[in-house]
There are 4 protein chains.
Amino acid sequence: MIDVALIGAGRIGKIHGANLARQPGVRLRWVCDAVGAAAEELARAVGSAACDLERALGADVQAVVIASSTDTHAELILRAAAERKAIFCEKPVDLALARARECAAAVARAGVPCVVGFQRRYDPTFAALERRLDAGEIGAPEVLAITSRDPGAPPVDYLRRSGGVFKDMLIHDFDLCRWLLRDEAAVVFAAASCLTDPSIEEAGDADTTAVTIRTRKGRLCQINTSRRAAYGYDQRLEVLGAGGMLAAGNHRPTEVSAHLPGAISSDPPEPFFLERYRAAYAAEMLHFAAVLRGEAQPRTTIDDGVRALEIAEAATRSWREGRAVAP
Amino acid sequence: MIDVALIGAGRIGKIHGANLARQPGVRLRWVCDAVGAAAEELARAVGSAACDLERALGADVQAVVIASSTDTHAELILRAAAERKAIFCEKPVDLALARARECAAAVARAGVPCVVGFQRRYDPTFAALERRLDAGEIGAPEVLAITSRDPGAPPVDYLRRSGGVFKDMLIHDFDLCRWLLRDEAAVVFAAASCLTDPSIEEAGDADTTAVTIRTRKGRLCQINTSRRAAYGYDQRLEVLGAGGMLAAGNHRPTEVSAHLPGAISSDPPEPFFLERYRAAYAAEMLHFAAVLRGEAQPRTTIDDGVRALEIAEAATRSWREGRAVAP
Amino acid sequence: MIDVALIGAGRIGKIHGANLARQPGVRLRWVCDAVGAAAEELARAVGSAACDLERALGADVQAVVIASSTDTHAELILRAAAERKAIFCEKPVDLALARARECAAAVARAGVPCVVGFQRRYDPTFAALERRLDAGEIGAPEVLAITSRDPGAPPVDYLRRSGGVFKDMLIHDFDLCRWLLRDEAAVVFAAASCLTDPSIEEAGDADTTAVTIRTRKGRLCQINTSRRAAYGYDQRLEVLGAGGMLAAGNHRPTEVSAHLPGAISSDPPEPFFLERYRAAYAAEMLHFAAVLRGEAQPRTTIDDGVRALEIAEAATRSWREGRAVAP
Amino acid sequence: MIDVALIGAGRIGKIHGANLARQPGVRLRWVCDAVGAAAEELARAVGSAACDLERALGADVQAVVIASSTDTHAELILRAAAERKAIFCEKPVDLALARARECAAAVARAGVPCVVGFQRRYDPTFAALERRLDAGEIGAPEVLAITSRDPGAPPVDYLRRSGGVFKDMLIHDFDLCRWLLRDEAAVVFAAASCLTDPSIEEAGDADTTAVTIRTRKGRLCQINTSRRAAYGYDQRLEVLGAGGMLAAGNHRPTEVSAHLPGAISSDPPEPFFLERYRAAYAAEMLHFAAVLRGEAQPRTTIDDGVRALEIAEAATRSWREGRAVAP
């Protein structure tokens, strides 16, 4: 039995806790949170126990799940690596590229497995598309087009601490770009605007973006994002290859269609990421448990975390300076 | 805490056990099965304990979930009702109409809640359609068309004991007919053929059916079924009303589409009922737990079980005699 | 150059006239109509000339297109056959089976080609489905399910003279049944109701039907129809075979979809038969021109017209008498 | 009756000729082509007469349709404007921006109507989307995403004279950008690669592009194109606004779907522009005829032609220089 401590009992911590609690060969030994009551409540719900941070990183656990606030990630990764614990860390590794690289180096030195929470790679639809791409169904990828829209923006307060839209929101899309185009970014051009809420502009951020990435092999990626999609959480992508196209559509709550005067309608997409990626979060923790049991290598590594951050930095600079930038 | 015994630890018993084990206010106290090892294995997996039938119907449980073989249902319902326990029973109540009526009468006399396992009513898609119908989105229902096809036939040995295709397979569709047309069957006409496997005909059964039901108010229902759909488990229905149509489509494993020379393709439906109705089975046990806690009245009653069986008997007779029959 | 006379310059006559006027090797020599002004107007529009009936059946034409009112079809077929002219006749051949058979016999004796206007067989979607069925894509057909709904009922006055819903509306579906199941009807059971307008019932007719046909080989066909579909003209069908299913969906005016709060919507089907079957009518006249030039044999013969009428008579009797009927 | 001369009897000239020949109030008086036999053949097919260029621009016609090769457009526009004839001209006006502006100035001085052949604006799907956008269905447009892929590249010989992919292929997309975002381009960034055929690179051109346009109001447009889509001609676009999204999908030859083991499939898109835009070409000439009769103002003007060319020049420069460019 491998004992694991969960650090962070907020929204995403609850999901990871519930998913991890069901894995064979793994025991969710401790739950810890800056807010003690939150830790206790979650511990109760998943049959675990609350503890403080020292114990969570202590001798009686072999692995940690880091689901606390972004500004604590790097410190916790460094400490966990120093203690030679296996690590699962929510994205992003850190908002500062240098700091993220420091974490990656520490993980490498420690030789511990570290899975980064790019959950989209575990989504049944995206994962099936990637397997079919990998199987050669359409040949080598040439063009990737990603549509990524949130139903609504988070509070401006959150945005101010978020690192900006490219690090906060498109970090996932940059990871998908590397994963699906099987190549590294050579040039990034990012256009962006503030079209939904002037207070986002006042906070120095943008709500609507259009990013182009050209890879070393000349493959092309286009990403368009918005903080506002009136119809729900829009998460689609398409990969074109010599042999055709593989496309990933949205998931819907039900398969009811209404045939009424003037229109045939079906459900809008799942409302937001907790619903859309429910299965992805479960598969992600299933994967982490397999890594813990020595049955799998991390599929989303801390290096992936660093690379996506490099593109996000390049995109931010491209947007600010109005020019194409090499990451 | 309400203590429940689960009787039957086979395929469907495992599903009910896992779903019931998570419900607040309810404890899965015992698991019992004719095969002791099966009971023990399931009990372990869901944190319960194995027992024999006497204990399962004994004083320390307030409710039973009957998931054993069909020929035991009636006896167990009668005993549970006599012990004044709340009952969940898998469909069908019994293959013999008189015996099913006897059970319904016993349940009524005992005054215990009894939920019958017509899980399709709990399917997110069918349930959403029914709520929208109920809300008047298309007016009163006029026509119901049901397509219901299995990926492949069960062994002929099973078919011989199944009561025939109308009681074994269409019983669900007959329940949907009553539920969605909000009316009772007045006339049933059933045509059927054996087109997929001659051994089914030798067993006195059919594999392909086309049933028409006219209700008392003149509403029309058409059901077509097959024991073989090469593309998977096909479970669709459409309701036409004065204001339009509500349709329920199949569920798919992923939302990937492949755009290749000659065709655009997407996933076939979920392969069979365990996948297609996974969410329905969970919602069904959620409902039973709510009934146990006194928060809900049974949505699928033992009377519903009897009525569906009446239509199945009429359909069987209609098919055998080549004429329209009143249930 | 083959000279053709068009008899009937109403709604369907205009369509046939415009489509025939463009065919190579064929000249639309005359247009005639009980209303002289209608004939003249259409003749002008298609570059033809108006004439009376004697001339339309006279020595200077080799073929006639009969698009006049139903009660004139049989008389015109008999006269045209007697004059050894090639014939295109709108469906139905006649409302009386005996009279339709008389026409078929006359056509056979005369040895002239006669194409009957079952335009659905020429619809690009239905025709493509039939070609793929014919190519063995799903094996032998086992089940055919047809949905056929008009946007609204014609005037009751028309219904009174229509021969009833089975001869007027389902005649097309009965033809599709024979065409797609590649077999003749052995038993017909028709249920029907009047649910949309009591005046239809007063006229002795029904507006909503559910028909089952079992063929000699045991293949099953289900047809459900309504005189009212609030969302437009609904014309779909599905064929199940051992290897899978081929389905034909509705055509839409545009491929716009709207993604709005609460629903994703697309266009309803084409509003009615003139729009839905525009391409079918064009292909039908293309075929008739090919028949006239000796390049093709009639794909929809007068015998097809008689057979569909036989099923319509059986369905009418089945509905009236509440029992299954052999055609 | 307004007499029109058609200049150019090639592939697109044939389409315009056939469509124009049917318009009320308009007569296709002459057809002229550098290849006399081509002019004569087309003239015969549409009931017109062949002539030389002098006559086509002579006193007895009031309008010209310019469908000859691109290098002749400007000269013909200038001559037709000098003769005060109404003009329809295929896109592009000219490959050189200065020359195109000269044409626009001449048309303005002459005060003649001039319709430029951006046929996509007349496509039923795109036009319906634009009308709904115009009606405010989703509020002001914020993001436009265009996918535009040809089934295969034209011969390299053609590409060498084409002005490059941005002027030859994306000129349509740049026009859609201005039309649907209701704003002018402020910045253009174009990435491009040669991924399908090295001979295209040798010709100094690209086959795969990813273009971002930011408009003056900060609206964002993304265009991705390829000279090769194995599955057919892919022409889709999406407009996001505050209230939701309007999307335009591909058209399909039929609505047949095949439900087979492993996949549900439907038709690929119409194979290429002649099929996809058949209705658009017809609507375009309908519009030109209405302009000729004084019933409409040109919807696609020569200024639209100049503006799209400005963006194409900016995109070409952006690609060559690897930087964002203001048109």
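Residues are numbered from 1 along each chain as its sequence is written, and chains are lettered from A in the order in which they are written. Because the model is predicted, local features need pLDDT of at least 70, side-chain atom pairs count only at pLDDT 80 or more, and totals for chains, interfaces and linings use all residues.

Let's start in chain A. Helix 5 of chain A covers residues 97-110 and helix 13 of chain A covers residues 302-321; helices here are DSSP runs of H or I with at least four residues, and strands are runs of E with at least two. Their axes, lines fitted to C-alpha atoms over the stretch in contact, with angles from 0 to 180 degrees between N-to-C directions, come within 9 Å and cross at roughly 165°. Helix 5 and helix 13 of chain A are therefore roughly antiparallel, a label for angles over 145 degrees.

Who touches whom? On helix 5 of chain A, the residues include Leu97(A), Ala104(A) and Val107(A), and on helix 13 of chain A they include Ile302(A), Val306(A) and Leu309(A). Contact means C-beta atoms, placed from the backbone, within 7 Å.

Now to the strands. In chain B, strand 13 (residues 256-260) and strand 14 (residues 263-266) run antiparallel, joined by four bridges; pairing takes at least two DSSP bridges. His259(B) has Ile264(B) as its bridge partner. Two residues sit between these strands in the hairpin, where Gly262(B) takes a positive phi near 95°.

Strand 14 of chain B also runs antiparallel to strand 14 of chain D, with three bridges. There, Ile264(B) stands opposite Ser266(D).

Conventions: Angles under 35 degrees count as roughly parallel, over 145 as roughly antiparallel, 65 to 115 as roughly perpendicular and the rest as oblique. Two residues are in contact if their C-beta atoms, placed from the backbone, lie within 7 Å.
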